Every structure is written in C-alpha cells, then in structure tokens.
Amino acid sequence: MPTYEYRGLILNIPEFDQEHAGYFEYARRHQLAVKRCLDCGLLRWEPGPSCPFCTSLRWEWTPVSGRGEIYSYQIVYHTVLPGFRDWVPYPIVLVELDEQRGVPTPGYGLRITANLVDEHFRPEREERVAIGARVEAVFMDLPNGLTLPQFTLSGEPPRTPLWRHKE
Amino acid sequence: MAHPLRDKYCIVGVGETEYSQRSGRTTRAMAVEAVKKAMDDAGLTPQEVDGLLSYHMGDSTPSTAVASDLGIRPNFFMDVSGGGSSTEALIGLAMGAIEVGMCHTVAIYRSMNGYTQVRIGGTGARASTPVSGSELLTRPYGLMSPLQRFAFAFTRHMMEYGTTSEQLAMVKVVHSRHASANPKAFKKEPVTVEDVLNSRWIVKPVAHLLDCCLETDNATCIIVTSAERARHLRQRPIYIMAVQGRGSRTFPDNPWAEAPITRIGGHYIAPRIFQMAGVGPEDIDITGCYDAFTFTVVLQFEAYGFCKVGEGGYYVSSGIIQLGGKRPNNTSGGHLCEGYTHGMNMVIENVRQLRGQADDYCPGWREGRHTYQYGPGGCRQVRDPEIAMNMGWGTPGYGSALILRR
C-alpha cells in the first residue's frame with residue numbers, strides 16, 4: 001500500500017481510496033484534477049464518491065487549468081505539526097479555481113487548500129499573500145515519489161481589488 | 001405556538017472538578033467526581049439516576065465504568081463521539097430517551113485531560129497519527145488544528161465586514177473580567193486589549209495566543225430529568241425551553257464549498273430553536289457562547305440574530321456582553337478563561353445564574369445573596385435573569401443551541 005513520508009507525517013494513499021488516489025496520480029503527471037459527474041456533468045470538490053448535486057455514483061477524474069484566485073488565507077505562526085516548525089510563518093491558501101464558479105448555486109466554488117509557495121517551493125512571503133491574488137498550481141515532486149500540488153502567484157492582474165490584513 | 005415538549009424537562013443538577021493543567025489522575029476518576037457532585041447538587045442518589053450519556057474524542061472514560069464506580073445501574077447509556085456542540089445536543093438526546101421511556105433521569109458528562117493527555121490544539125498524540133482519507137487534502141499543507149480549520153472563514157469575515165483584531169480582543173477582555181469573579185476559573189487575571197494584541201500570533205490575521213481558549217484537565221456533569229420529578233428535588237428547577245443540534249451548514253465537512261463561508265450551522269439552527277422556545281433573541285437575558293476563539297463568539301451572535309450579519313465585531317465590543325451590560329455572555333469566563341470542557345461549563349454557568357447561585361466571591365451566594373458589585377474578587381451574578389441561551393459550536397460547520405428558563 002503506497003505510504004509516503006512528508007515533514008514527519010505518514011501519508012497513506014491506498015489504491016482503494018478512490019476519493020484521493022486519483023488526485024495524487026494526476027499530480028504526479030503535473031496536472032490538477034477534480035472529479036466530474038458522469039451523469040449531470042458537474043465538477044465537485046472535495047472529491048467524494050457521489051455527486052452532491054444529483055447523487056450519481058458514476059464519476060471520472062478530470063484535469064482542470066489549475067488557475068484561480070486566493071479566496072481566503074491564513075499565515076501559520078504556531079504550527080501543531082512538529083515537521084512544519086522550520087516552515088513558520090507559512091501561508092495556507094484557499095484557492096477558488098476558475099472552473100465552475102457560482103455553479104450550480106451562486107455560492108458554490110471549487111475551493112482547494114494548499115500552501116502558497118515561491119519558485120523554490122518555499123513558503124511565499126506573507127506580504128505577498130492577498131485575497132484576490134491570481135495563482136496557478138505547481139507540483140512539488142518529493143524524492144519518495146509523491147507529488148504534492150501547491151499554488152504559486154501567477155503574476156496575472158487580479159480581477160478584483162486585493163485585500164490583505166493591515167497591521 | 002410553542003413546542004409541546006417546551007418546559008417538560010429540567011436541568012436539576014450540575015457539577016465539575018477543578019479546572020487545572022495538572023489533574024494528576026484519570027478521566028475516570030474525574031468523571032466520577034463530577035457526576036457525584038451533580039447528584040449531590042440535585043439531591044439524587046445513584047439509585048435515582050438511571051441514564052448516562054457522555055461524549056468524547058477517544059480521550060475519555062465510558063459511561064459503564066462511571067456507572068460501576070458510583071453504583072448506578074443504567075437503563076440507558078451511550079458514549080457519543082464528538083467535541084464542541086455536543087453538550088446541547090446530548091441534553092436533547094437525554095430528553096428523547098426519557099420521553100420514549102428508556103429511562104427517567106440522565107447524567108451527562110464530559111471528562112478530559114485536555115492539557116496533560118490529549119491536547120485539542122493538536123500537539124502530541126493527535127498530530128502524530130497517520131494521514132489518510134480527506135485529511136490528505138489538509139494536513140500535508142500544515143493545516144490541522146481547530147483554529148486552522150476555522151481560519152479561512154474568519155479571514156473572510158475581516159475582509160467582508162471589516163472586523164478588527166481590537167474588536168475580537170474585547171471578547172477576551174470581557175470574559176477575563178468575568179473570570180476574575182469566579183473562584184473556579186483557571187485564568188482569573190483581567191487582561192487588556194493591548195495584552196491580547198501583544199500576545200504572539202498563532203494564526204494571522206485571525207488569532208493571537210490570547211484569542212485562543214485554554215487547554216485544561218477537567219470533568220463536568222449536567223443532570224436532566226422530567227419537570228415533574230424536578231419539582232421534588234433539592235434545587236430550583238431550570239426548565240429546558242428548547243434544544244436543537246447538532247446541526248450543520250451545507251457541506252458539513254467541506255465548509256468552504258459554498259459561500260458565504262462565514263455562514264455557520266447556527267444560521268440554520270436559529271429559526272428552529274426560537275420557534276421551539278416561543279421567544280426571540282430580544283427575550284434572552286444571558287448568553288453562553290462557545291468561545292474556542294474570540295472569533296467564534298462573533299460569528300455565533302450574528303448567526304443567532306443577536307446582531308446583524310457583519311456587526312458581530314461591534315456587538316462584542318459595545319459593552320452589551322459584559323456583566324452590567326444588556327446581555328452578559330460567558331459570565332464564568334468560558335473556555336477563554338474558566339476552562340475548556342467542549343461546551344459543558346457554559347451551560348453549567350447559566351443554570352447557576354438562573355438559580356441566582358453564581359458561585360462568586362459574595363459570602364451569601366449559596367442563598368442567592370449577591371452584592372452586584374462586579375469586578376475582580378467580587379460578584380458575578382446577573383440581576384434576576386429569567387431566560388438564558390447557549391450556543392455550541394464544533395468545527396467550522398456544526399452547531400447546537402439550548403434555551404433555558406428559571
């Protein structure tokens with residue numbers, strides 16, 4: 001059963017975990033994938049075994065552009081995970097993907113969590129983290145064979161005014 | 001039209017152990033002490049308690065052990081998985097068990113060495129478990145603690161409504177003043193807004209260290225029985241007007257899927273509980289609002305209609321929630337200052353307030369004689385409260401609520 005170590009964590013991604021195994025298989029090919037319903041056609045995140053909009057059990061993984069914007073963020077100064085202590089302060093971002101925004105309900109979005117990293121896969125500096133900032137998926141290949149999707153600032157102009165916390 | 005079960009059940013006994021960070025004993029020993037104290041408070045013998053309910057996160061002692069230790073032979077017992085938002089829900093489950101005739105008197109307890117054994121903050125035991133399932137999408141990104149789970153909604157609230165760190169700090173300031181009149185409180189020292197803002201960041205921009213609740217070792221117990229039985233017991237009965245939960249927002253375990261992500265389970269629970277009770281927010285005299293973080297208080301006051309959505313920051317910093325204010329909140333100091341119990345102590349406090357028996361520094365508190373001089377080492381009894389509300393919360397999506405009257 002595929003087990004990977006990352007920052008002191010033991011990640012278990014068995015093949016039978018069809019909610020998640022495909023996500024990491026696509027990531028290894030440097031593609032960000034979400035689930036698509038084979039009946040109503042809607043994309044969903046998180047990638048559960050049924051469509052929350054039509055209850056269909058038929059699905060496929062489908063690659064998406066990996067582009068989107070920061071919907072919310074947090075800068076972790078105190079981590080409860082010992083393996084992340086050398087990373088603080090590190091940003092965790094909630095990214096809203098460009099695909100299927102506001103569908104099937106006005107509030108729905110494909111919102112994925114990851115770290116915001118720089119070109120060396122180090123935590124992005126907090127003064128560069130802002131709601132509304134455009135991002136793209138990047139893929140962190142670990143020596144053990146696991147690839148972890150992350151996001152980085154894409155440099156595209158923001159579509160809405162940026163917001164960040166004022167000190 | 002109020003609900004047919006309104007006022008049919010009562011809380012008749014409450015009890016707790018010391019709130020500490022060094023219990024030096026098992027969750028079993030603490031649970032037994034809390035249940036015994038609640039039975040004594042109610043004037044019940046073990047033979048008169050025939051139901052036990054507990055909740056846990058794999059960190060407690062099952063109710064069968066507690067029953068054996070105290071000589072209780074249960075007709076009904078159950079140990080439910082859950083943390084915050086369980087207290088109110090289990091009070092409802094106890095009412096249901098009694099209503100269908102499974103038992104007649106239920107002791108509900110929560111026992112946890114929340115500092116010396118399993119810390120909720122996630123350091124130690126919880127952090128070292130293997131990662132599988134949906135946690136693969138969060139923990140590899142250094143996202144695990146409850147605060148981190150809540151933080152995206154909190155940051156959005158600051159962006160959408162302009163909620164400030166200073167407003168949040170006022171929750172801690174107020175609760176610390178309340179705790180300063182509570183001999184049981186683990187943290188009794190009043191703090192200032194500056195103290196909160198100068199404490200180190202835990203997760204920016206939503207919480208400094210002093211915006212976060214305590215982690216403590218303690219057990220707590222609440223006993224529920226029918227109003228008919230309650231009239232013959234030791235204490236003034238405290239009537240359960242309404243209870244709801246655990247309920248959830250949309251996509252319970254994926255609370256960011258549907259905006260507004262600042263919308264919490266309480267949004268859906270609020271109309272149900274007020275309809276069941278036959279009262280509205282304006283009728284509530286005191287509140288017990290789950291304060292895992294200063295921000296949880298803000299979002300709950302909005303969800304339950306104590307203020308408009310977006311105005312929670314104003315509500316908590318306006319003086320309304322302090323002793324002497326229009327609607328005091330967490331008069332014991334709550335999770336931020338008294339101790340962390342996953343919701344139990346805020347219900348216990350409201351029961352005592354409605355009895356007129358806040359166990360403050362007034363020499364005559366047992367007889368309900370209070371000075372109403374609020375401040376450190378003084379009184380914390382609210383003047384003549386009639387109706388109290390508790391709002392429970394666990395994870396960004398779930399909630400529960402309870403309305404009590406004297």
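Me: Which residues does Y340(B) touch, not counting residues up to four places away in sequence?

Reply: This is a predicted model, in which local features need pLDDT of at least 70, side-chain atom pairs count only at pLDDT 80 or more, and totals for chains, interfaces and linings use all residues. Residues are numbered from 1 along each chain as its sequence is written, and chains are lettered from A and ligands numbered from 1 in the order in which they are written. Two residues are in contact if their C-beta atoms, placed from the backbone, lie within 7 Å. With that exclusion, Y340(B) touches G114(B), C213(B), L214(B), E215(B), T216(B) and H335(B).

Me: Is Y340(B) buried or exposed?

Reply: A residue is buried if 20 or more other C-beta atoms lie within 10 Å of its own, exposed if 12 or fewer, and partly exposed in between. Y340(B) has 28 such neighbours inside 10 Å and therefore counts as buried.

Me: Which residues touch the most other members of the largest nonpolar core?

Reply: In general, nonpolar side chains tend to be buried together in soluble globular proteins. A nonpolar core is a set of buried Ala, Val, Leu, Ile, Met, Phe, Trp, Tyr and Cys residues joined through C-beta atoms within 7 Å. The largest here has 167 residues, and I11(B), A94(B), I108(B), C221(B), I222(B) and I223(B) touch the most other members. Another core, of 5 residues, lies apart from it and includes L11(A) and V131(B).

Me: How far apart in space are Y340(B) and A219(B)?

Reply: Their C-alpha atoms are 9.7 Å apart, although 121 residues separate Y340(B) and A219(B) in sequence.
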